[in-house]
Amino acid sequence: MHIEDAPSPSAARASGVLLPIFSLPSRFGIGDLGNSAYRFADQLQAAGQRYWQVLPLNPPNAGAGGSPYDSCSNYAGNPLLIDLATLAKSGLLTDDELILPHDLPANRIDYEQVSRFKMAALDKAASRLAQSGGRNEFEDFRRQQQNWLDDYSLFMALKAEFPGQSWTDWPAGLRDRDPAALADARRRLATEIEHRQIQQYFFFRQWRQLKNYCNEKGLLIFGDMPIYSNLECADVWADSEIYQLDQDKRPTAVSGVPPDYFSPDGQLWNNPLYDWQELERRGFDWWIGRMGALLAFFDIVRIDHFRGLVQYWEVPIHSETAIHGSWRQAPTHELFAALKSAFPHLPVVAEDLGVITPDVVQARDHYELPGMLVMQFAFFDDHADNPYLPQNHRENSVIYFGTHDNNTARGWLEEDCDNAVKWRLCRHVSWADEKTEMVSRLLELVMSSRARTAIVSVQDLLALSSRARINVPGTITGNWSWRLSDTEFKNIDWDLLAELSRRSDRHIAARNTLAPNPPN
C-alpha cells in the first residue's frame, strides 16, 4: 500500500490498538520486529481493526531511560528492536549466540542488560555481513539513505570514542565539523562506522518487511514524530544552523511546556529550539526531509506537541523548571504551505492536548487535521464545554481512554477516580464494582464516541493496573520499560475489541489478501 492510498484517520469510522514495538513479548528481553509482531498484526486484522499505533522507533540516548522521545537521531531506527532470530536464519548469528547470559524480567525491560547483550550480538552480525560477499543490498541501502546515514554513523562512532562527553565538548574541529577533521575521523573509525550503518540496514529491512505485511492485511501503521531534537542528536550536530545555539554550539534557550494537568511546574524538556528564521530562509527543507522520512516509515504520523508549531514555550537557559518560560510565535502557515506542497496528501494527526489556544485550534482546523481526545480528562471538572466530554467530541478526532502518557484504565479507576469523578463518570456509564467489567464499559464509552478514529491500549484490553503504565510525564525513572509477558499476549481480549468495534460501526471486514509469510 502506498501512502497516497492510505485513508487518513478523518476518512471513515475505524479503530485500532496502541502498543509500542518494545512492549511486545520476546525472548531477548525487549519487544522486537520478530514473530510476535507478525502475530499481533494477524490478531489486529482478525479483530476487524484498521490501525496499529506505535511510538517513535528512534534509538534512545544513553541515560534516557529508553525514551524514544529522547533520541540520538531523527532518522535512525532503534537497533534494540532488531530481531536476532531473523539474523540467525540468515546465517549472521549462531544459535549459541542467541542464548542470553542471564534471565530477564518477563514484564519489564532491563535496558542495561538488554543493550549489552543485543549490541554485542549485532556487532558480530554486522562484522559477518561486512566480511561476506552478499553486500549488494546493503550498499544500495547505504546510497539511498546517505543524506542522514553518513552523519549518524560517524556521530555514533565519535560518541563511542569520547564516552560520556557531549559533542559540544569534542575537539573544535569535530564539534564544528571541519572537513579535514571529519575525513580523519572517518578513516580512523571506518570499521565502527560501517557496523553502525549495517545495523541500520538490518533495522530498515526488518521494519519494511513488517510494515508491508501489515499493509497487505489492510492494516495501517500509526507512527509518531517527536517535535524536537535532543541536543545529543546527530542531526543537531550535522545541521546546527537551524537551532538556537551559541558560538560554542550550546543552546541559548530550551523547550518545555507551561504548568498543566501533568505537572504544576510545567515540563522542562531542555531540547534546543529551532531557528525558525533560518528554516524559513531555507524553504523548510529540513522539515520536508524529515516528514518524507516519516511517511516512508509510517502510514499516519502523529505530530507530538502540535501546538509547538503554532506557538512554542521558550525557557531561559539554566532554568530549573519550565514555569518562567514565555510563548513565541512559529511560522505555522509558511511551514504547512511548504509541507502541503511537498506532500499534497499529508496524513498527520495533531497532538493538541494540554494548554490549547484559539490560534492552535484555528491552525488544526484550517489544515483539516484530526486532533486528539482523551476520555480520562472528561470527568475532572463540571465545565459543560470540556472538549473531552462525549457530547463535545469532534468527528475529526482520534479518541483514547488514555495515551502512553496516561494511567491505564484500571489504574485510573483505582488511583484517580475519587467520588466526584465517579459521580460525573456515572452520568455516561453505569458503574460496576468489578474492575474488569468496569474497564470494558469504559472501552465501550470510548468506542461509541462520534470521533471517527478510536484507539485503545493493549493494557486496557487486559484490564491491567498502573504497573503496566508506559510513561509518567515529568518523571525520569521507571518509564518506557513495560512489556507483555507471553501469557498476557495470549490473553488479550480480542473478542471484546471485535464486538465493541461492531457495535460502534468501526469493524473492518478481513481482506482476502495473501500477505507475505511472517518469520517462523
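This is a predicted model: local features need pLDDT of at least 70, side-chain atom pairs count only at pLDDT 80 or more; totals for chains, interfaces and linings use all residues.
- β4 and β7 (residues 311–316) run antiparallel and are joined by 4 bridges.
- V254 has V315 in β7 as its bridge partner.

**Around P251**
- P251 sits in the loop between α9 (234–238) and β4 (253–257).
- Is P251 buried or exposed? It counts as buried, because its relative accessibility is 13% and the cut-off for buried is under 20%.
- Leaving aside residues up to four places away in sequence, P251 touches L231, Q244, L245, P272 and I317.
- Take L231, one of those contacts: it lies 20 residues from P251 in sequence, and their C-alpha atoms are 8.1 Å apart in space.

**The whole chain**
- There are 19 helices and 12 strands in the chain.
- With a radius of gyration of 23 Å, close to the 24 Å the globule rule gives for 520 residues, the chain is as compact as a globular protein of that length.
- Along the principal axes, the C-alpha atoms fill a box of roughly 70 × 55 × 40 Å.
- Of the 520 residues, 58% are buried.
- Look at contacts between residues at least 6 apart in sequence, and 75% of them join residues at least 24 apart.
- The chain's accessible surface is about 21,100 Å², and carbon and sulfur atoms account for 47% of that.

How values were computed: Residues are numbered from 1 along each chain as its sequence is written. Side-chain values use heavy atoms; hydrogens and water are left out. Helices (H or I, at least four residues) and strands (E, at least two) are DSSP runs, numbered from the N terminus. Buried means under 20% relative accessible area, exposed over 50%, partly exposed in between (1.4 Å probe, protein chains only). Contact means heavy atoms within 4.5 Å. Two strands pair if DSSP finds at least two bridges between them. The radius of gyration is taken over C-alpha atoms; the globule rule is 2.2 Å times the number of residues to the power 0.38. Accessible areas come from the Shrake-Rupley method with a 1.4 Å probe; for residues, only the protein chains shown count as cover.
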